[in-house]
Each structure stands twice: as C-alpha cells, then as structure tokens.
Amino acid sequence: MDLVVTVTSKGVMDVWRLNGQRVFGSNFCKDEDEGDDEEGHSAPEKGDGGNVRAVAWRRDGQILAIACADGSLSLINSFTGKISHRIFSQNQKPATSPSLQPSVQTQTRRQSSRISPLPTAQATSGRPTVTALCWTTHLVDPSPTTIRSHLNAPNSTLSLDQILNLRADVDRLLPLKADLPRELSAIDVEVSLPRLATLPPTGLTADDDVFSTRSSVDVVFHGGGSNGSAGSGGVDALLVGLSDESGGCMVQLRIFDSFDVGTVDLKGILPPGPAAGRASRVLRIESHPFLSTVFAVIEESPKDEAASSLHLISLDLSFIPQSGRTLPLVAKKVSQLGYLLRYISQVRTQLVAEVKSAFDLPGRFLRNINESLAEGDENADFVFAAHHLAVTGVCSPKLKEWLVDELQDRGIKRWENAVADCLEVARRMTSECLLPAVERSLALLSRLDGLARFGPTSSKLGLDEKNVKRVTETIDALGILSEDLLLDVVAETREFAAFIKWLKWECEVEALEQTSARAEDMRETWTGEGELELVLDYVGGAMKESRLKKYLVEEAKEQEGGLAASFDDDSDLGSYDEFIRCRTSCNKDKSMPTLGELVDRLQRQCEAVFAKIAETFRKSILTSYLQELPHGCVGESLDVRVIPDDADSSLYRLFLISKDRQEKARLRHVVVELQQGAGKGVKHTMRSSSLAIPEMQEVLDAKFVDDEALLVLAETASGAKIYGKEITIDGEGPWEVRHAFQGEEIDGDVKPVRLDVNGRVGRRVVTVLDEGGLGLVVLDLDAEDNARDATDGEDEVMTG
C-alpha cells in the first residue's frame, strides 16, 4: 500500500497517499498532567511528534504501529483507519495474569544467555520509554531453504518481495511438491461460519470502536489481509526497544500484531567497560525473512561527556524454526481468540448498560402508582390492580387517575420505547453477536485442542490440554446461557407487546366516560382476549423484574461457594457438567452464574493459555553479544540492512551506514559477516571504512533502499543533493546524483535533512523531510525506468 504517515509536534498523526490525499488520521496528544521525560529519555530524533516516539509500517502496509511517550502502543489498521489494538505499558494497566505483560530477565553473560521468566512485573521502576520500533518477517512454511533454492534456480524471475507480497499465490509461484496433509491442516473452517455483526460504537475510547463498522469487523475476523506480509506460512514480529529510568534497555516482542511474547532484558549481556552501568537504549532493530535471528544496535552513554559506544547484539527467536508450520497457525488462532474475547466482553458491557438504563423509567412509574395505591390499602400495588382490571374489567379510581393523567400519550410511549428498544437490542446482540462469537470461539478452540492433544510440537508451542479444556467448558456453558437468554428475550418481548397493547387500550377506554358510546364500542370490539394470558404473565412476572436481569445484572453476593477464582488446578475440570446441574435444579435462579461472571472466568482461563504459550516462547529465546561497532559511527543517523549471500546459504552480511563522527563530509560504512555454523552459534567478522562522495560538504542522512542500493542526502556547494550507489562489500563504487534540490531547499524555505525509504519492488519511493518538520517531498525512485529521457535520470517529484 502506497501510504505516507506524518506526525506533528503536537502528536497529530495523518496518513496520506502519494498524491497528497489524506486517508485518515488520529490524535495522540500528550496528557496535560504528564511531565517531560527524565534526562536521557527524550525523543530519539529531532522533529518527532511530542507524544509519539516512533512509527513503523508492517511490511505489507496493512498495520501501522505507533508508540507513545507513556509506553503505550497503538496498532492502526490502514484499511479502516481505526485502532485495532492498544497495548499499555506495565504501570498503566495492572496485569491480572502473567500473559498480559510478561517480563523476562537475561542472565549476565558475555557471549550468550538463555532467557528465563521474571517472577513479577514490578522489577522495572518508572515508565519505560520507547526508543525503537520495528516490524520483522520470518518465513516458516515453505522453509527459507526451499524458497531460497527456488529463487536462486537458473532462469528464475521471482524475487523475495514478490513472494512476500503475493503470499496467497506462493504455492503457484513456486513449483512445490503436493502435500495433502499440509493442505488439510491449512483449511480454515472459520470462513464458513456466519459473519459477526457490528457493535454499536461506545465512543469511550478510540480502540473500543474497532467493531463498530463492517470493514473493521471483516478485517479482524474474516480475512481482509490479516495474515500479514508473511501470509499463512510466516510470522510477523513487532519488536519495541525500551529504556527505563535506571538506564537499562530491553526489547518487547509480539507476534501476529497483538500476541505478547514478553520482554527481553538486554542490559545484562553488554560487556564491562567505561560505559558499563550507564544509560543504554536500543537504536535500531533489523532482521531478514530467511532468518529467525533479530539484530539490535544498543547505544551506551556515560555520564561524563565521553563519546557513547554502539554495540551489536542478536536475539535468536528459536521458537520460530522449532515450532515449524504450526506456529503461524497457533499464533493466528490465539490472536483471533483474543479479539473474540474483546468482542464478547464488549457485547456483555453493552447488554448490561442497556438493561440497567431501560428499566429505570418503568421502575419510576411503578413506584409512583404503588405509593398512590398504598394510601388506601397498604397491601395494594400495581400488580394486583392490573391483574384485577384485566380479569374483571373494573378499574380502581387511583389506577384510573394514574392511567389517564400520567401514562396516556407521552408516558406510555416512553415506557414502550424504553423497554421495546432494550428487548430488541438484547435479541439482536444475542442472536447476531454473542452466539456467533461463541460458535466461532468453539471452532478456534477445537483447532487448539487438536494441536494440544495430537500435535507433534505441542510441547514447543506451550499448549496445555487441560487449560484448553477449561476454556472449552466455559465457552460451552456460555453458549447454553446465551441460548437461554435469547429464549427469555423472545418470550418477554411477546409478553411485553401484548401488555403494552392492552395498557394502551385501557388508557384510551378509561379516558372516556363510562356511559359514552365510544367506550361501549371499544369494549365490544376488543380483540385482545386471546392475549390476556400473556398480559397476566407479564404483569405477574417480568414487569416486577425482567428475566434479563438474572443473566446480566450481577447482584452483590458472597464469593464463598461461587465460581473459583483460580484456574491453575484441576478443580475447574467438569465445570460444564456442574453448570448443567445448576441449570436443571429447582433453585437455578439463585445459583446460576451471570453472563459477566462467565466472561470474566473465560478471560482468566484464556490468559492462562496465553501465558503458557508466551512462557514457552520466551524460554527459547537466546541472546548473544556480537561486538562493539567502530567509534566513528553516529547512532542517531544509523541505518541497518541484513543481506544474504547469493552463493553461500549460511552467510549473511549486516551492513551499517551512518554519518562519520570525525569527518562530517564522509559516510561511515560497516560490514559484519555472519557465518552460521552447524550449531546455534554464529561466527562474525567486521570491516569498517569511511567513504568520500564528490563535492560533498556534509552528510545529512543515509538510508538503504533495498538489498542492492543505498541513498545519501548530502549538502554540497550547489545545494542539497541525493546520491545513490550500489551496495558493495568494500563500499567502493561510483556515486550517481539521483535528485538535486534548488538552493538547498525543498520548496522555497524548507531545508531537507532526513530520508525515509520504501524499497518495495516496482514502487520504491523516498520521503525527504525538512529541518523543522514543516514539509516533505516524495520522490519516485523507479520513475526513471519509464521516463528517463523526460527526467534526465533524476527522480520524479510525486508530491511537494
């Protein structure tokens, strides 16, 4: 997707098309009560939005991640422009389960360390600050080796970008051998289920309205490109670099947009040195689709004025190759189950709010008439008077006065609208939202249950059969309760319709003189005798207390003997049978759980499943310290690219470019060769050089375009220019002027200082930002392929 995101100094985010058309936007303004960050935790780059610390597009452009100063992370779907998920930092939202914000700690070792879980989430003091944000893609099925062999085959015209961007047709692009079990396991039965209905917008927070439009619901639950750039056989990982007030740094890992694997502490693996114990932060994170290893550049800054040092480390996400093709399946199902929990919880919240507000007005009406009737007879009430009127046709004076003076016209219409609308909303949300969501949850759980019981990699995935069984039993109970709720809603709707029809007729009759011909004609032509039974049932039952309240309104009650608060033992197994026994017992109304209690129970049980999976993944992460980068590199302008070797499948090169700390007119060029051995270790060697560019006075910024080219924004005597060259191991090669700005300015009075590049094949563009963040220009890098003669080899300006 060809989109550009901009963020103002006030935190206003806008997404634009390349032609300058605004697509959508959002406001991430900083709260007034939030002070400035502590020293050393300011925005990493000049020009960043006040509350926005980092932005990153997923490789396919369908998800935009925005990190804010408070540590929260918002994932915006570019199809809908809505926040599909908002993730809060540990001190913002207390975790009720280890799965919400799992944190891990690294054993302090020079070379490598195995990740182990941290007992509590309070180990990190203060608010974490986001210093880096990156999406990575990791291929799983077909394996990277298989894809690479096809790409390197003679006469092959495919590229890696084509495979990642056309994931749905990868089996057609690559002549893979037919594998029936693989194809059967990939069948998604959820696509045959009814589509979930939209929910009324709450308007409370931006992420509460993710289910309020048809397009957003389809994107979340029914495909809509949710597989990501890696498709059904790969993993999209979101890595967030964090730093805390104590000077430590860490990386938070999520896969498939919102599944939180945990936090990896990186401070402990750095070597001792002059900057040891000082403030550190993650500057850049990079990987390659063929690798399960992620590389990070960490900057350590001493308290004195000495120059900071840059360190290169690696995080081996071993759970990706170990889990194989089941990892994308499990991660996708677990992520969808998390969205379904949010959906069901929002249905429950809106049902409770609707029921509580709908019966307030009828309650006030009944209290008024009961007080009036009790003046003559303390035992009299509206139920008795209405029952007497329906059976005998005789209306007491006080009831007649109430019917004529208070209910007739506006009063009875307000009563009808309040209750009828509530019953219709309850019917629609139960039949079109709650029950389909429960059915979809059962389909997801059946796949997870099968993998937990029969999957060869269930232990590597962290799927526990008992935990999945507990969730399934609660979902089954929730389905039975939802069906009972729907039956009672339908029954109460019929009764209320008959009651309100009778009440309107009585109001009209009692408003007439008893001896009038009109009153006599109305009594003789009354055709509602067949519905009097429904009227009496409503008056004696639902009118006093709606059937819906026993499902939705939680009364204060003792926890002893209620639902178990913990789900870590075997006491919950068989809870569905216990639910059925309570349902069929005589005192079921007193012992049956409410919808809210079952939803809360379901959330705790699902969090136990999520926590077990995340813990298993975290334990397999291996962090390694590689080496310190040359002191000539400038961290703020650093760009990183991992490029595989064409001949040796075990050789990768990590290219780094930045400004030169000693000479501002030169470009620092670093190459780290990574040789994968038979084991998990990686041998590495580094070479560094300082490159000179003709006519250059100062390097302003430098970025990699793709695996073949890089760009440098430089200031020259004749103005700012963009230079390009091929990527080479030694850094040598001719430089070519790709674009020249007139008078060192983008458009009259703005000076170019920064580059951002999208290297997608066939649509490579570079965005040039000005010094104050007041303007930008988008250049089409591939324009010369079609119009070289017209542009004299320079890039085409698409927007200004």
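Which residue in β20 is the bridge partner of Arg 653? The partner is Glu 673.

This is a predicted model, in which local features need pLDDT of at least 70, side-chain atom pairs count only at pLDDT 80 or more, and totals for chains, interfaces and linings use all residues. Residues are numbered from 1 along each chain as its sequence is written, and side-chain values use heavy atoms, with hydrogens and water left out.

**The sheet**

Strands here are DSSP runs of E, at least two residues; helices are runs of H or I, at least four residues; both are numbered from the N terminus. Two strands pair if DSSP finds at least two bridges between them. The open sheet has 4 strands, in the order β18-β19-β20-β21, with antiparallel pairing. At its edges are β18 (639–644) and β21 (682–692), each of which pairs on one side only. From one strand to the next, the twist averages 20 degrees. Its axes are lines fitted to C-alpha atoms, for helices over the stretch in contact, and angles run from 0 to 180 degrees between N-to-C directions. Strands of a sheet pair through backbone hydrogen bonds, either parallel or antiparallel.

**Aromatic pairs**

A search of the whole structure finds 13 aromatic pairs. Rings of Phe, Tyr and Trp (its six-membered ring) pair if their centres lie within 6.5 Å; planes under 30 degrees apart count as stacked, over 60 as edge-to-face and the rest as tilted. Two of the pairs are tabulated here.

| Pair | Type | Centre to centre | Angle between planes |
|---|---|---|---|
| Phe 319 and Phe 617 | stacked | 4.5 Å | 15 degrees |
| Phe 382 and Trp 402 | edge-to-face | 5.3 Å | 65 degrees |

Phe 319 lies in helix α6 (residues 319–323) and Phe 617 in helix α19 (residues 595–619), so the pair ties together parts that are 298 residues apart in sequence. Phe 319 is buried, at a relative accessible area of 1%. Phe 617 is buried as well, with 1%. Buried means under 20% relative accessible area, exposed over 50%, and partly exposed in between (1.4 Å probe, protein chains only).

Phe 382 sits in helix α9 (residues 382–392) and Trp 402 in helix α10 (residues 397–407), 20 residues apart. Both are buried. One aromatic cluster is formed by Phe 365, Trp 415, Phe 496, Phe 499, Trp 502 and Tyr 538.

**Individual residues**

Asp 236 is in strand β11 (residues 234–243). This residue is buried yet has no salt bridge; Arg 58, the nearest side chain of opposite charge, is 4.1 Å away. A salt bridge is a side-chain nitrogen of Lys or Arg within 4 Å of a carboxyl oxygen of Asp or Glu. Lys and Arg count as positive, Asp and Glu as negative; His and the chain ends are not counted. The Asp 236 side chain does make a polar contact with the side chain of Thr 137, at 3.0 Å. Such a contact is a pair of N or O atoms within 3.5 Å; within protein, one must be able to donate a hydrogen and the other to accept it, and residues adjacent in sequence count only if both atoms are side-chain atoms.

Pro 142 falls in the loop between β10 (129–139) and α1 (144–151). Its peptide bond from Asp 141 is cis, with omega near 0 degrees.

Glu 695 is in the loop between β21 and β22 (696–704). Its phi is near 70 degrees, a positive value in a residue other than glycine. Glu 695 is exposed, with a relative accessible area of 56%.
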